[in-house]
Amino acid sequence: MESLVFRGIVFNMSWEDPEMDRRAFRITPDDVVISITSAGCNPLNFLCQSPRKLISIDSNPAQTALLELKLAGIATLDHETFFDIFAARRPSRVTSVYRSRLRPCLSAKARSFWDKRLWMAARGVYQFGRMGLFCRILRAYLHTMLRPEQIDEFLDSRTLEEQRAWYNRHLAGRFWGPASKALIRFRPFMYLAGVHPRQFDLVDDRHDMFDYVKERIEYVLTQVPIYNNYFLSITVSGRFRGNYVPPYLLEENFETLKNNLDRVQVVNGWLGPYLDSLPPGSIHKFNLLDIFDWMTPEAFEATLHSVLRAAAPGATFIYRSGSYKLDPPTTILKHVTSHADLARELFATDRSATYGSFYVFSVNGKA
Ligand SMILES: C[S@@+](CC[C@H](N)C(=O)[O-])C[C@H]1O[C@@H](n2cnc3c(N)ncnc32)[C@H](O)[C@@H]1O
């Protein structure tokens, strides 16, 4: 099932709010950072903060190929062309620069991927991949209830009062009916959204998937400012709005990204074994997304032991979960310090509407 569902590009954008990561990590020029790649957005957001080294790893070669294409764009293009392609403002420009500029920078695996699928980037990567299909279906469904200008009216809201009034007027009483319940409970549809089968069980067994999704969506639509929420704008309108984009797409960061390219190492592989191949105590920041929701409890524990081994004293690791509570096992807890207040404060600002909980831990002395 995993290889069936999670083949090719699943995540066409990283669905973790980078502002939470930035404030949790406070990256310094001495830091070696390791991050799960997903769509590569957040690893590149970390690169904007000039760590000593950035390792970006993913088990899915298609996700790795997407990051490689972005890195090739940073290395060979000017910001306007880079933005046109990767913010999908004029994505078709990729066809005129692929062979001459981008392809020479790619690994053999990434070349064979993009040689056959460049049309995805040319038509706008946010329309494609599993996530792209999920969002297109969701938009078609939303348009059975709302006109595009009504959605724009919401995205233009400047206050939470305005957001709540709009939500109560247009969605609260209409959206959460039997059709939405059926859609949310239809596993293949949620798999398209990148919800791993184990993650679906984790959430549904504990919180009922429909109630969970309703609570998360209502929270973000009524409690978190919408005007700069690029996660929601790309989902419900299929495009970014102005300069409300992931930090790595901003012109002000482009020169820094170009100057930091030699600090990046891209790895296609599994996190646990890769961490075990590194010198002990060599990593300062670990960005683990929600990979533990994809794992068995045994793999969760084993991977965290690999994190402890690879962690420098005082290193920070962060992760998210679809469930409201996924604490590390006791064998790990005695070696780490939980920064629960900071995690709670940051989680309250989460614009992604995707997760039920967020964790910030620092590693004490050596295990
Ligand atoms: C955990 S998933 C979920 C991402 C997140 N929900 C999102 O929407 O961006 C993120 C990425 O982790 C990769 N992944 C999952 N488990 C992994 C592991 N143990 N080692 C390396 N990559 C992993 C997947 O291939 C996927 O691209």
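What volume does the second largest pocket have? Which residues line this pocket, and which salt bridges does the structure hold?

Analyst: A word first: this is a predicted model.

Start with the pocket. The second largest pocket has a volume of about 310 Å³. Its lining is made of 16 residues. Nearest the centre lie P18, E19, V245, P247 and L250.

Now the elements behind that lining. Helix 2 spans 18-25, and helix 16 spans 251-259. Each of them supplies at least two residues of the lining. Helix 2 gives the most, with three residues.

Seven of its residues are nonpolar, five are polar and four are charged.

Stay with E19, one of the residues nearest the pocket centre. E19 forms a salt bridge with R22. The closest N and O atoms of this pair are 2.5 Å apart. Both residues belong to helix 2, three residues apart, so about one helical turn separates them. How open are they? E19 is partly exposed, at 33% relative accessibility. R22 is partly exposed too, with a relative accessible area of 32%.

Next comes a salt bridge between two loops. D156 and R241 meet through their side chains, at 2.2 Å from N to O. D156 sits in the loop between helix 9 (148-155) and helix 10 (160-170). R241 sits in the loop between helix 15 (230-236) and helix 16. D156 is partly exposed, with a relative accessible area of 44%. R241 counts as buried, at 16%, because the cut-off for buried is under 20%.

A further pair lies in helix 20, residues 340-347. There R344 forms a salt bridge with D341, and their closest N and O atoms are 2.6 Å apart. These two are three residues apart, so about one helical turn lies between them. R344 is exposed, with a relative accessible area of 54%. D341 is exposed as well, at 59%.

Salt bridges can also link up. In total, the structure holds 24 salt bridges.

Key. Residues numbered from 1 in each chain as written. Predicted model: local features only at pLDDT ≥ 70, side-chain atom pairs only at ≥ 80, totals over all residues. Heavy atoms only, no water. 1 Å grid on protein atoms, 1.4 Å probe; cavity = no way out; pocket = protein on both sides within 12 Å on 5 of 7 lines; lining within 4 Å. Points joined across faces, edges and corners; volume = space filled by probe spheres on them. Helix = DSSP H or I, 4+ residues; strand = E, 2+ residues; numbered from the N terminus. Nonpolar A, V, L, I, M, F, W, Y, C, P; charged D, E, K, R; others polar. Salt bridge = Lys/Arg side-chain N within 4 Å of Asp/Glu carboxyl O. Buried < 20%, exposed > 50% of the residue type's maximum accessible area, 1.4 Å probe, protein only.
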